[in-house]
Amino acid sequence: MISLTSILTWVAFFPLLGVVVILFIPRDRHNAIRWTALLASTVTFVISLVMLSQFDATDPDVQMAIRHPWFQLAGVEIAYSLGVDGLSILLVLLTTLLTPISILSTWTAIEERVKEFMAFFLLLEVGMVGVFVSLDLFLFYIFWEFTLVPMYFLIGIWGGPRKIYAAIKFFLYTMAGSILMLLAILWLGLRFETFSVPDLIAQGNIPPDIQTWLFLAFAAAFAIKVPMWPLHSWLPDAHVEAPTAGSVILAGVLLKMGTYGFLRFNIPMFPEAAARYAPWMAVLAVIGILYGAAVSYAQRDVKKLVAYSSVSHLGFVVLGLFALNSQGIQGGILQMVNHGLSTGALFIIVGMIYERRHTREMDDFGGLWRVMPVYAALTLIVTLSSMGLPGLNGFVGEFTILLGSFGSVAIGSSWFAGLAAIGVILAAIYLLYMFQKLFLGPLDKEENKILKDLTWREIVTLAPLIVLIFWIGLYPKPFFDLIAPAVDQLVSTLQAVVMVVH
């Protein structure tokens with residue numbers, strides 16, 4: 001029986017049971033391996049729903065906390081400390097939902113070394129969930145770095161023609177930022193004699209000049225992971241070369257580890273530095289929004305277009321978080337989820353057509369609506385969601401972020417919201433252009449005339465994402481209810497600091 005105190009351990013580590021079982025399945029029994037991985041990840045999602053049912057949405061504090069002493073480092077206790085609150089619960093659910101969907105999406109795409117692929121994928125889920133529930137800086141860092149290893153192999157073994165280059169670039173970029181964060185973590189732990197995140201936030205007596213250096217050290221790691229302009233150049237290579245499931249989980253969850261890091265560590269632990277640097281973070285966010293949109297329009301490879309769109313969409317999230325007010329941060333958290341659903345679905349859609357045609361060049365398509373009407377209809381829904389059409393999920397997040405940034409004292413100017421709004425228009429341009437090139441126009445290529453529409457497996461893969469796209473777009477209240485108390489509590493501690501700094 002799963003107890004309330006151990007439920008986060010179950011959510012984080014249940015996929016390991018799947019890995020153990022897979023290790024004992026003969027290598028040539030591909031379907032048995034796939035079903036084991038799918039079952040393990042689906043049970044993990046069910047456990048996360050149990051966690052959600054036990055979550056008190058009115059309580060702003062950390063819930064279901066578990067803390068056990070682990071070992072001592074230079075006389076400082078490091079603990080196995082987990083917990084979940086309104087800032088992290090939706091991201092845990094997003095991770096456990098996207099993992100089985102990603103596995104299902106790659107059912108027929110991966111035919112070689114299936115055993116290793118599924119083992120690495122479940123290990124990646126362990127690392128990602130661990131990042132979102134860790135309440136000890138040292139434990140967080142272990143999970144943070146652990147996610148690098150399976151993702152490196154997923155890209156490097158099952159990726160495209162330039163997979164080794166993309167995998168090494170991804171690894172080196174992330175490691176470079178992580179080294180600075182490690183130094184900051186060690187300084188905090190030794191200086192305050194604790195690595196506990198709630199304890200460090202509660203003490204709140206880090207000198208402002210030291211806060212600046214710690215803020216920048218943490219920000220380096222998180223900005224690379226997001227990725228923010230100009231630290232984004234690893235992302236298109238990693239996305240384009242990664243297998244479909246790798247792209248889905250990379251865009252859907254791994255990038256959110258960066259924005260979550262800002263939310264969990266930079267803003268509450270270093271509030272004065274966060275308030276001081278908020279305008280600069282907003283500048284980088286807006287540049288990322290406009291740059292990502294402009295470069296997306298220039299792409300002819302559909303997967304690369306979707307990859308660059310992430311730079312633009314996650315610029316909105318960073319802008320919302322550093323508005324440092326309730327609307328901005330709530331919109332930022334919801335937009336993390338929205339981006340995971342919409343862009344994850346776009347990568348699945350790109351993978352589906354790539355399996356059929358083995359090309360992603362837009363010029364190789366046209367008129368697909370006539371031969372693949374179900375595929376075209378689902379793609380249209382996801383495309384409209386990604387560009388922020390009212391009634392779908394993207395609009396709710398972007399509108400709330402623009403509302404928060406427009407009235408933000410911390411970033412100091414409504415121009416940021418105005419320029420970001422241009423990014424919404426640009427998103428409509430490049431996404432509708434992509435849709436037009438693929439689905440409209442004459443069906444004049446013989447290879448496209450014989451394409452088969454979606455199978456039931458492919459429809460089932462996309463169905464949960466489509467349902468959530470409409471649910472959040474039409475009735476976002478349950479999602480805001482989950483995150484509002486924790487965000488309001490965070491903002492209440494920031495307001496005085498923001499007023500002093502600005």
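Strand 1 (residues 63-73) and strand 2 run antiparallel, joined by eight bridges. The model is predicted. Two residues separate the strands, which form a hairpin. Ala-74 sits in the turn, with a positive phi of about 50 degrees. Strand 2 covers residues 76-84 and is mostly covered itself: eight of its nine residues are buried. In a regular strand, side chains alternate between the two faces of the sheet.

The largest nonpolar core holds 189 residues. Which members touch the most others? They are Leu-137, Leu-188, Phe-218, Phe-262 and Phe-322. Take Phe-218 and set aside its neighbours within four places in sequence. Its remaining contacts include Leu-137 and Leu-188. Phe-218 also contacts Met-181, Ala-184 and Ile-185. Phe-265, Asn-266, Met-269 and Phe-270 complete the list.

Charged pairs come next. The count comes to ten salt bridges. One of them joins the side chains of Asp-237 and Lys-169, at 2.9 Å from N to O. Asp-237 lies in helix 10 (residues 234-241) and Lys-169 in helix 7 (residues 163-192), so the pair ties together parts that are 68 residues apart in sequence.

A second bridge pairs Arg-356 with Glu-458, with the closest N and O atoms 2.8 Å apart. This pair also links distant parts of the chain. Arg-356 belongs to helix 15 (residues 326-357) and Glu-458 to helix 20 (residues 456-474), 102 residues apart. How do the two partners stand in terms of accessibility? Arg-356 has 22% relative accessibility, so this residue counts as partly exposed. Buried means under 20%. Glu-458 has a relative accessible area of 4%, and is therefore buried.

Salt bridges that share partners also build a network, which joins Arg-27, Arg-113 and Glu-116.

Notes
Residues are numbered from 1 along each chain as its sequence is written. This is a predicted model: local features need pLDDT of at least 70, side-chain atom pairs count only at pLDDT 80 or more; totals for chains, interfaces and linings use all residues. Side-chain values use heavy atoms; hydrogens and water are left out. A salt bridge is a side-chain nitrogen of Lys or Arg within 4 Å of a carboxyl oxygen of Asp or Glu. Helices (H or I, at least four residues) and strands (E, at least two) are DSSP runs, numbered from the N terminus. Buried means under 20% relative accessible area, exposed over 50%, partly exposed in between (1.4 Å probe, protein chains only). Two strands pair if DSSP finds at least two bridges between them. A nonpolar core is a set of buried Ala, Val, Leu, Ile, Met, Phe, Trp, Tyr and Cys residues joined through side-chain atoms within 4.5 Å. Contact means heavy atoms within 4.5 Å.
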